[in-house]
Amino acid sequence: MKAAVLRAFGEAPRYEEFPDPVAADGEVVIEVCAASLKPVDKQMASGSHYASAQALPVICGIDGVGRLPDGQRVLFGGARAPYGAMAERTVVRKAFAFPVPDALDDSTAAAIPNPGVSAWLSLEHRAKLAPGENVLILGATGVTGGLAIKIARLLGAGRVVAAGRNREMLSALNGRGADAIIPLDVSAQELTQAFIREAGDAGFQVVIDYVWGPVAEAFFAAVTRKEFAAVTTETRYVQVGESAGANVTLPAAVLRSTPLTIMGTAGIPPGEVLFGTLLKVMQHAAGGGLSIETERVPLSDVETAWRHESSGRRIVLVP
């Protein structure tokens, strides 16, 4: 069969022949219909992700949409190494194949689960967003950040502020889920002042951060107090991505002067939480409450697609 095969970390996978998968006990071979190309796929192929393959070659792609031998269309994930989603066929445990609503086309069904589930888990499972609380999304012009805005609204957020580097896309978010916007392509001092201004007296109870680096440092500077003050609200800060930088400097005064809790996404949650969240995302997508822009690309063009930056939309590879 044909597949996107990775033979060296840090390089793009190549479209080439690979042995067909054979199902073992409890597994099923899936005919792949579509697989989305996500930042995590590139991170894993670079060798820098904690879940990167231990041995090469491997087929790239952590999830996708396909058909079971009986023709049922399913969303699948967790293919058995060295197989992956970016192939004509793959093999997964039967428990990792889920029915896809008829209302969703293959591209949407393949593209929305990963960013949608990630955003939903960050807001509900990790940050424990409560109705009426104020939310700041750092990196809102990315695919996952844009979905986080919509999901925050579905979960009852009181006020949602979107911050991003793509000014054109950022402007489009104003009034379409976001109550206010903050451009990130400004000086650190300007950014800190913008965070202070938009936080107002009520503050942000939840921050979802897809960028980290200097942007996070500007936010920490914004919440650092210069005097003793009574605690009125706590900020739960969820670190998700690092598109602006992998490291930060965190002065001790930040944590001593303000009620700030910093946490990560903490890997994969318990199965019932993960599957329940996936069901919510798929239901809202099928009902029109969540959407994603996609760009269909033949799997044979995977090398070109790998190097292409598709801002605001998700590339979907089709065998």
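**Getting to know this predicted model**

Q: Which residue in strand 2 does A4 stand opposite?
A: This is a predicted model, where local features need pLDDT of at least 70, side-chain atom pairs count only at pLDDT 80 or more, and totals for chains, interfaces and linings use all residues. Residues are numbered from 1 along each chain as its sequence is written, and side-chain values use heavy atoms, leaving out hydrogens and water. Strands (E, at least two residues) and helices (H or I, at least four) are DSSP runs numbered from the N terminus. In strand 2, the residue opposite A4 is Y15.

Q: Over how many bridges do strand 1 and strand 2 pair?
A: Two strands pair if DSSP finds at least two bridges between them. Strand 1 covers residues 2-6, and its pairing with strand 2 is antiparallel, over 4 bridges.

Q: Which strands stand at the edges of the open sheet?
A: The open sheet has 3 strands in the order 2-1-4, paired antiparallel.

Q: Is C60 buried or exposed?
A: Buried means under 20% relative accessible area, exposed over 50%, and partly exposed in between (1.4 Å probe, protein chains only). The relative accessible area of C60 is 6%, so C60 is buried.

Q: At what angle do helix 3 and helix 9 pack?
A: Axes are lines fitted to C-alpha atoms, for helices over the stretch in contact, and angles run from 0 to 180 degrees between N-to-C directions. Helix 3 spans residues 113-126 and helix 9 spans residues 271-287. Their axes are 9 Å apart, and the angle is about 115°.

Q: Where is V211, and which residues does V211 touch?
A: V211 sits in the loop between strand 12 (206-209) and helix 7 (213-223). Its relative accessibility is 2%, so V211 counts as buried. Contact means heavy atoms within 4.5 Å. Not counting residues up to four places away in sequence, V211 touches L138, G139, R165, G241, E242, S243, A244 and G245.
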